[in-house]
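Dear colleague,

Please find the structure below, with the sequence alongside. My findings follow directly after it.

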Amino acid sequence: MSQFSDTPQKDPEKARVHLLPVPLEQSVSYGGGTARGPAAILEASYQLENYDREFDSEPGLEFGIFTHPSMDLPSDQDQALERIADRVAEIYRPDRFLGILGGEHSLTEGVVQGLLRSVPDQLTIVQIDAHCDLRDQYEDNPRSHACVARRLLDSDRVEQILQLGIRSLCVEEAEVLKSEPRVTAWYTEHVQAGEHLQPLAEKIRGKTVFLTLDVDGFDPALVPSTGTPEPDGLSYRQVEEIVRLVIKESRLLAFDCVELAPIEGLHGPDFLVAKLLYKLMCLRLTSP
């Protein structure tokens, strides 16, 4: 076991997966606790089995997972995002698959900035989320977790943002979805009906992709441990199906997983997230 922090390839030069814990929590607006999310995921990962029945092997032991020390971030949010961008640019290499364990969703801006310094391509962002995060500002903060997708649109190197599982948005965000051709949203009822699969595949085929997974995209019956749990969310299988499609059709550079706010004594959500991320790594590192 001991999945994410103690594989045989503990040497960072040999491990093909690099994980970076980023315990950012500076703009949460309802429930708190996202700073504890990375540690909870890592703790849960120690209970995972390395064996994956789909591959009849222990892929994690073969490709190796190196977990970097958790980032120590300044209290100033602008400085924190700049430091995240610097660290991502420092760690990322084309022969590595990078995963960011968060932390609140605003960190994604820093992650994407860091990737864009390292990669010449335009990026497609695939966003699994209950919320659009397309406000221009929230609570007088343009870099709130509720604005992260809007901030990503500020870069002309973000080609498109594809959102899945959306079920809560404001009037401003609805107007952005109507007027901004770079953003496409599939609401939760579309995903549950399977209506997203073909158009998503067409939009990401051959693209360079960054996947951002906000755990409130899941149904809160599965993951209540998040700041703003929205009813009628996605199942584990539906999220895994999206992950599989992204890996099959695109060049997936990196991912982040954000907004887990662990609840003391409730281990199920932490384990669910850790298990999904291990599956994501296995699929990505064994894909042709």
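In which loop is the place of Glu 180? Glu 180 sits in the loop between α6 and β6 (helices are DSSP runs of H or I with at least four residues, strands runs of E with at least two, numbered from the N terminus). A polar atom of the Glu 180 side chain lies 2.9 Å from the backbone nitrogen of Arg 182.

Please note that this is a predicted model, in which local features need pLDDT of at least 70 and side-chain atom pairs count only at pLDDT 80 or more, while totals for chains, interfaces and linings use all residues. Residues are numbered from 1 along each chain as its sequence is written, and side-chain values use heavy atoms, without hydrogens and water.

Helix α6 spans residues 171-179, and its buried residues are Glu 173, Val 176 and Leu 177 (buried is under 20% relative accessible area, exposed over 50%, partly exposed in between, with a 1.4 Å probe and protein chains only). They lie on the same side of α6 because they cover an arc of only 100° around the axis, taken from the directions from the helix axis to the C-beta atoms. These buried residues pack against α5 (148-152), β5 (158-166) and β6 (183-187), where contact means heavy atoms within 4.5 Å. The face of α6 turned away from the buried side carries Val 171, Lys 178 and Ser 179, which are exposed.

Yours sincerely

Definitions and conventions:
A polar contact is a pair of N or O atoms within 3.5 Å; within protein, one must be able to donate a hydrogen and the other to accept it, and residues adjacent in sequence count only if both atoms are side-chain atoms.
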